[in-house]
Amino acid sequence: MSSPRPDGRERQPARAPLTCLVTGASGYLGGRLVPELLEAGHRVRCLARSPDKLRDHPWAGEAEVVRGDVTDEESTAAAMRGIDVAYYLVHALGSGAGFEETDRRAAHVFARQAHAAGVRRIVYLGGLTPRGVPERELSPHLRSRAEVGRIFLDGPVPATVLRAAIVIGSGSASFEMLRYLTERLPVMVTPRWVHTRIQPIGVRDVLRYLVGSATMPRDVDRAFDIGGPDIVSYRQMMSRYAETAGLRKRLVVPVPVLTPGLSSHWIGLVTPVPAAIARPLTESLRHEVVCQEHDIARYVPDLPGRPLSFDEALALALRRVGEARVPTRWSSAAVPGAPSDPLPTDPDWAGGSLYEDDRQLSVGVSPERLWKVIEGIGGENGWYSFPLAWAVRGRLDRFAGGVGLRRGRRDAERLRVGDSLDFWRVEEIEPGHLLRLRAEMRMPGLAWLEMYAEQDVDGRTRYRQRALFHPRGLLGHAYWWSVFPFHNIVFGGMARNITRAAGGAQGGDPSGAAGARPAAGARAR
């Protein structure tokens, strides 16, 4: 019998430690799996394209992180050396029309290098597919997930393929979609898929099955359906969410004209989940997704009260959101198509023009107090200037297929590298001194926003703010100069209001006029 942990969750039975490779550790499930594997006594190595994104996670000091990409043979081979169990938790969903080919190529690379390295087992989390529906009629999302699982099962390394429908947990895309649809719309005009039967599963049970799969016998090489005890329609899920959250009963009016594409845009308008991510979720709801077996219990035995019921998983997720204890979110992973280039630091950078808007103000408070305001920016706290302009920019970004301004924050007070922050992502953070954000909104170029808490030579606190833009082509240059007239309102107002929120400005130059030219050291070409 396993003993409880201090947080009330069960401890895993002691076993011989394994060395586990986790891909997708910067994502929603991967970021939660790593500490669970460590808690179970295993050694963990993470394969990440941008290792810096993992450095601020609470478990970063206990896990090894290596740079690489699952589509690259060489880096994947290096990551596999000495590995016992390899977890495949990545997919190319939303990365363009060729995402199925990318998924296929990555799975073949992963399986091939796992075999070459002598890996004992591959563990993959895929999607639950509807019974009796030909694969050609599945959504591209489900079809690709099924193909990846088949590649692993056909390979020489024993594989555990877990197939789940909707995952309910604080911060998951499915939960956020359900949450915002129900909370914001007391009367909902919905597509027909709200009547589709689904078997959701709590994220805690998904993690328990993932960890337990590492120690399956070597002769186990198969797929397992995993789900909670409840089979419900999406309409019932919304009703039960309203009841659990203490909301009034919601009126749901299904209509036949909303296609998955239209549904995804409708969801994108109401929830923080962008259409590019909402579409595969809604397409997966066209068919009934219910478990056909529960054989996983033979190898990862059910515990008392587990798997969690839908209502229990929902209540737990809501409690975590209310307590601001959300370790990872659906937006933790990189946004497909979003810029990922780091801020250029070489004065002779060969990337072309780099426009800069630089503002500085002295502040009559300590740097620590100023930093608290800087680190708390975004989400419910807003951006300290011209809210209408930020809202309009967010709407335009959603209309163009971007992430928009409603992703909010993972934590109300603390940020870490890799966090999404509305339509920005934290690229660098030096606690008490620097916050650098990289823009993920749609625009003809790359953009960054830096905020500093500094001290001048006289020991006075100084707030410095830099907005930087690297234009892409003539359209990029035109974009910068078209929005430049509004900079004093938006960026100047931000500088003034941040210093006021910290305790009042003493003086300085928030006009930023000198920054209207290509930045010093950059070359305009």
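At what angle do helix α7 (residues 234-244) and helix α10 (residues 310-322) pack, and how many Å apart are their axes? In this predicted model, the two helices pack at an angle of about 50°, with axes 10 Å apart.

**Helices α7 and α10**
- The crossing of α7 past α10 is right-handed.
- On the α7 side, M237, R240, Y241 and T244 make the contact, and they meet F310, D311, L314, A315 and L318 of α10.
- Sorted by class, this contact holds 6 nonpolar, 1 polar and 2 charged residues.

**Strand β19 and its partners**
- β19 spans residues 461-471 and is mostly covered, with 9 of its 11 residues buried.
- β14 (residues 355-363) pairs with β19 in the antiparallel sense over 9 bridges, and S362 stands opposite R462 of β19.
- β18 (residues 445-455) also pairs with β19 in the antiparallel sense, over 11 bridges; here M451 has Q465 of β19 as its bridge partner.
- The hairpin of β18 and β19 has 5 residues between the strands, and G459 in this hairpin takes a positive phi near 85°.

**Residue S170**
- S170 sits in the loop between β7 (167-168) and α5 (173-184).
- S170 counts as buried because its relative accessibility is 2%, and buried means under 20%.
- Leaving aside residues up to four places away in sequence, S170 touches Y28, R32, F175, A317, R320, V321, R325, V326 and T328.

How values were computed:
Residues are numbered from 1 along each chain as its sequence is written. This is a predicted model: local features need pLDDT of at least 70, side-chain atom pairs count only at pLDDT 80 or more; totals for chains, interfaces and linings use all residues. Side-chain values use heavy atoms; hydrogens and water are left out. Helices (H or I, at least four residues) and strands (E, at least two) are DSSP runs, numbered from the N terminus. Buried means under 20% relative accessible area, exposed over 50%, partly exposed in between (1.4 Å probe, protein chains only). Contact means heavy atoms within 4.5 Å. Two strands pair if DSSP finds at least two bridges between them. Axes are lines fitted to C-alpha atoms, for helices over the stretch in contact, and angles run from 0 to 180 degrees between N-to-C directions. A crossing is left-handed if the near helix is turned anticlockwise from the far one by less than a right angle, and right-handed if clockwise. Ala, Val, Leu, Ile, Met, Phe, Trp, Tyr, Cys and Pro count as nonpolar, Asp, Glu, Lys and Arg as charged, and the others, Gly among them, as polar.
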